[in-house]
Amino acid sequence: METTPKILAFAGSKREASLHKKLVKIAAEGARQAGAEVTFIDFQDLPMPLFDQDLQDREGLPETVLQFKQLLKTHHGFLIASPEYNSSITPLLKNAIDWASRSEPGEPPLALTCFRGKVAALMATSPGGLGGLRGLFHVRSILESIGVLVIPEQKTLPNGYQIFDTDGNLKDEQQQQDVLKLGESLTSLLKKLL
């Protein structure tokens with residue numbers, strides 16, 4: 001019997017009007033259409049302090065970090081839309097990854113239980129002409145170094161402020177289909193692996 005892929009979708013942005021939340025929701029719909037069970041999370045609902053080893057030593061992992069880690073562990077794959085900040089990953093997303101990489105009590109150091117054996121697809125948009133491409137290089141590098149298989153397909157969309165309609169879809173039908181296909185591709189690969 002085929003296992004239904006479970007995919008966690010999130011954006012590396014907390015902004016209420018985040019372009020990346022819109023973008024990842026389109027990819028999530030593509031994953032659903034391909035047969036995945038998708039959970040969308042908003043980091044606005046999971047505020048995490050800036051990573052601090054002294055804080056962890058003193059108080060343990062914050063509750064929101066434990067919640068995020070549990071979500072990562074219970075899903076097979078990730079759809080991640082990451083804005084580009086100064087040609088790199090956002091502080092919000094890097095902080096979340098850093099916290100989630102920390103071992104819980106009873107886990108060996110560097111167990112990376114949230115990440116090893118997971119599969120991810122990446123996407124970005126930007127007001128500029130490269131569509132967030134430079135930031136995705138760093139996201140890919142970080143994820144691959146902690147055990148995540150990042151699929152080769154990714155999507156970057158320039159002119160981010162002009163590309164969405166009032167319903168949160170992409171105005172250009174081909175771009176809309178490309179982002180839907182990214183979610184489908186992740187789902188298809190997970191079905192083969194599970």
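Colleague: Is Ser82 buried or exposed?

Modeller: Ser82 counts as buried, because its relative accessibility is 1%. Buried means under 20% relative accessible area, exposed means over 50%, and partly exposed is in between, with a 1.4 Å probe and protein chains only. Please keep in mind that this is a predicted model, where local features need pLDDT of at least 70, side-chain atom pairs count only at pLDDT 80 or more, and totals for chains, interfaces and linings use all residues. Residues are numbered from 1 along each chain as its sequence is written, and side-chain values use heavy atoms, with hydrogens and water left out.

Colleague: Thanks! Where is Ser82 found?

Modeller: Look in the loop between strand 3 (77–81) and helix 4 (91–100). Helices (H or I, at least four residues) and strands (E, at least two) are DSSP runs, numbered from the N terminus.

Colleague: And which residues is Ser82 in contact with?

Modeller: If you leave aside its neighbours within four places in sequence, Ser82 is in contact with Gly12, His20, Ile89, Thr90, Leu93, Met123, Ala124, Leu136 and Val139. Contact means heavy atoms within 4.5 Å.

Colleague: What about strand 3, how many of its residues are buried?

Modeller: Strand 3 is mostly covered, with 5 of its 5 residues buried. Both of its faces are covered: Gly77, Leu79 and Ala81 are buried on one side, and Phe78 and Ile80 on the other.

Colleague: Which strands pair with strand 3?

Modeller: Strand 1 (residues 6–11) pairs with strand 3 in the parallel sense over 5 bridges, and strand 4 (residues 119–125) also pairs with strand 3 in the parallel sense, over 5 bridges. Two strands pair if DSSP finds at least two bridges between them.

Colleague: What is the bridge partner of Ala9 in strand 3?

Modeller: That partner is Leu79. Leu79 also stands opposite Ala121 in strand 4, and Ile80 stands opposite Leu122 in strand 4.

Colleague: Why is strand 4 largely enclosed by the rest of the structure?

Modeller: Strand 4 is largely enclosed because 7 of its 7 residues are buried.

Colleague: Let's zoom out. How many helices and strands does the protein chain have?

Modeller: The protein chain has 6 helices and 5 strands. From the N terminus on, its elements run β-α-β-α-α-β-α-β-α-β-α.

Colleague: What is its radius of gyration, and how does that fit a compact globule?

Modeller: The protein chain has a radius of gyration of 16 Å, which agrees with the value near 16 Å that a compact globule of 194 residues would have. The radius is taken over C-alpha atoms, and the globule rule is 2.2 Å times the number of residues to the power 0.38. Along its principal axes, the C-alpha trace spans about 50 × 45 × 25 Å.

Colleague: How much of the chain is buried?

Modeller: Buried residues make up 50% of the 194 residues. Among the contacts with a separation of 6 or more, 77% are between residues 24 or more positions apart.

Colleague: Now the ends. Where does Leu194 lie?

Modeller: Leu194 lies in the segment after helix 6 (173–193). Its relative accessible area is 43%, so Leu194 is partly exposed. Beyond its neighbours within four places in sequence, Leu194 is in contact with Thr3, Thr4, Pro5 and His76.

Colleague: And Glu2, buried or exposed?

Modeller: Glu2 is exposed, with a relative accessible area of 55%, and its place is in the segment before strand 1. Glu2 and Glu63 are 61 residues apart in sequence and 34 Å apart in space, C-alpha to C-alpha.

Colleague: One last topic, backbone angles. What is phi of Ser87?

Modeller: Phi of Ser87 is near 70°, a positive value in a residue other than glycine. Most residues other than glycine have a negative phi. Ser87 is found in the loop between strand 3 and helix 4, and Ser87 is partly exposed at a relative accessible area of 27%.

Colleague: What about phi of Asn159?

Modeller: Asn159 has a positive phi of about 55°, although it is not a glycine. You'll find Asn159 in the loop between strand 5 (149–157) and helix 6, and at 39% relative accessibility Asn159 counts as partly exposed.
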